[in-house]
Amino acid sequence: MDDFLFSDEALDEVNEVVQGSWKVIVVDDEPEVHAVTKLALSDFEFQDKRLEFISAYSGEEAKQVIQEHPDAAIVLLDVVMETDDAGLKVAKFIRETAKNNHIRIILRTGQPGQAPERQVIVNYDINDYKSKTELTAQKLFTVVMSSLRSYRDILSIEQSRQGLEKIIKASRDIFSTHSLESFIEGVMQQLTSLLGTVDQAMYATSLVASNPQDNQKKLVVFSGRGEFERSEGKAIEEVLSHDQLQACQQALNEKTIVYRENYLFAYCSSEYNHNSMLFISGIPKHLTDTQRHLIEIFSQNVQLAYENVQLQSEIEATQQELVFRLSEALEQRSTETGNHVKRVSHICYELAMGYGLSKREAELIRLAAPLHDVGKVGIPDAILNKPGPLTDEEWVIMQLHAEKGHLILKDSNRDIVNTGAVIALSHHERWDGSGYPKGLKGEDIPIAGRIVALADVFDALRHKRCYKEPWSLDDVVKEINAQQGKQFDPKLIDVFNQRIKEIEDVLVRYPD
C-alpha cells in the first residue's frame, strides 16, 4: 500500500539539476511540500531526461518564475497561499497574460471545499486537479508522467507547425533566388533556420562524363560553403574524405538521406536530374524526427529550386546573348569595334552602382544598355559610315536615330525593353541642354540615359574607329572631366573618377 506523500516530518531539499531535463515548477507556501515532492520524484526519468525542479513560495513569485522559464513542462500549483485564490490567479496569469498554452497545470489543494473541483475545471484552463491528501507518491508519479506525455505531444505538434512554416518560407526564399551565385547561400541560411546550426554545405550535381564512351553521369561540386567554397567544378572524389565518400555513395545507391555523427548526405532528385547530392556538416548530434522529416522535404525542394534557378539563368543568359549579338551586328554596320555593346553594358553597371542605384536598377540598365543605338537601323549607310563631317541635312537625318530607336522599343510590357526605349531616346541629351532630340537639361534627363551617354563616350574614345585612333586613358579622363556639368552629370563624373579602375577592367575583359 502506498504511503501518503505528505507528512509532518521536514525533509532536506533535493536540488539535482540534469542538463536536458524536464522543468517542473513547484508552487506552494509550505517548504515541506517542495522537499517531499522532489524526494518522491528524485528518480523520475522520461525519454532519458530527468526532472529539474524550480520552486516558488507565493503566487507573485510564481508569476515571475513562469515568465523566467517559459519552457517549463509542468507546474504543480497550490491553490491557497497568501490568499485563498492565489493559485487560481496564477493559473489565469499563465494562460491569459503569459500566453503559455504548453505548460501543464496540475492544481493541488489541501482544502478541496474551498475551491470545488467542478467549478475550477470549468472556469480555469488547468489540466488536472488533485487533493493533497489523495496524492500519494505513486499517484504523483502517474500524474507527472501523463502530463509530460501530453507536453511532449504538444511540443511535437508545435514543432511540426513551426517546421511547416519554415519549409514554406525556405522554399519561397530559395525559389525567389535568380542568381546561381547566391543559391548555396540561400540554402545555408534556410538550413540554419531549420536545424539551428550548420557549419559547411556543398551541393553537387551530375554532369555527363567527358569521355564519350562513359555514359554515366558524375557528381561535381556546383557550389559550396566553408572548406568547399573554392571547390566548384571539382569531382566529389577530390573534395570528400574516404568516410564521407562512402556515406555519399550509400545515399546515391539507396536514394535516401544518410546521417553520420555530425554530417549528412541528402539525395536530391526530380524528373529532370536524377543525380544530385546535398552535404551538410555541423548538424546537431541528436536530430528529432521532425527535423529529419523537414530535411527530407527540404532536400527535394532544393533540387527543384536549383533547376528553377538554372532555368532562369539560362533564359536570362540566352536573352542577353541575343541582345548582344543583334546589337553588335548593328554596331559593326556602323563600323564600331567588336564587343562595344558588352563593354558599354558593364561600364553602365559600375556607374549605376556607384551612383547609388539599387542592384535591380543597375542590372536593368546593364541589360538594356546594348539597345542604345538600335535606331541606327533606319539610317542610310552613306550617312552612318561617312568618315568626314556630316552636312546639315545629313546631321538632321542622323539625329533621327534616337527617336527611331524609341519608336521601335516603346510600349513594351517588359522592363528591359522599356528601359531600352528610354535610353535610346535620351542618351544623346546633354546636361547643359544642348543635346538632342528633346533638348532636355539636368535631371530632366533620365538617369539611365545619362549613364549610357558617359559609358558610350568613354568606350568610343578608348577604342579605334574608322575616323580616329584610340585615345590614352589619361587623355580620355581629362576630356570627360572637362565635360562635367556640360555634357555629363557632375555627380556621375565623380563616380566615374572613383571607379575608373573597375571601368578599365571591363575593357580588359572584353577586348576588340
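Start by selecting α15 (residues 447-462) and α16 (residues 473-482). Where do they touch? L454, F458, L461 and R462 in α15 meet L473, V476, E479 and I480 in α16, a contact being heavy atoms within 4.5 Å. The residues of this contact divide into six nonpolar, no polar and two charged; here Ala, Val, Leu, Ile, Met, Phe, Trp, Tyr, Cys and Pro count as nonpolar, Asp, Glu, Lys and Arg as charged, and the others, Gly among them, as polar.

What you have open is a predicted model, in which local features need pLDDT of at least 70 and side-chain atom pairs count only at pLDDT 80 or more, while totals for chains, interfaces and linings use all residues. Residues are numbered from 1 along each chain as its sequence is written, and side-chain values use heavy atoms, with hydrogens and water left out.

Keep α15 and α16 on screen: they pack at an angle of about 145 degrees, with their axes 10 Å apart. Axes are lines fitted to C-alpha atoms, for helices over the stretch in contact, and angles run from 0 to 180 degrees between N-to-C directions.

Next, select α13 (residues 392-409) and α14 (residues 415-426), which pack at about 170 degrees with axes 7 Å apart. That makes α13 roughly antiparallel to α14, a label for angles over 145 degrees. Their crossing is left-handed. Show the side of α13 with A402, E403, G405, H406 and L409, which meet V417, N418, G420, A421, A424 and L425 in α14. This contact divides into six nonpolar, four polar and one charged residue.

Now go to strand β2 (residues 51-56): six of its six residues are buried, so β2 is largely enclosed by the rest of the structure. Buried means under 20% relative accessible area, with a 1.4 Å probe and protein chains only. L51, F53 and S55 point one way, and E52, I54 and A56 the other. In a regular strand the side chains alternate between the two faces of the sheet.

Pick K23 and look across to its bridge partner in β2, E52.

Finally, zoom out to the protein chain, with 18 helices and 10 strands. These are DSSP runs, numbered from the N terminus: helices are H or I of at least four residues, strands E of at least two. Of its 512 residues, 46% count as buried.

How values were computed. Parallel < 35°, antiparallel > 145°, perpendicular 65-115°, else oblique. Left-handed = near helix turned anticlockwise from the far one by under 90°. Buried < 20%, exposed > 50% of the residue type's maximum accessible area, 1.4 Å probe, protein only. Pairing = 2+ DSSP bridges.
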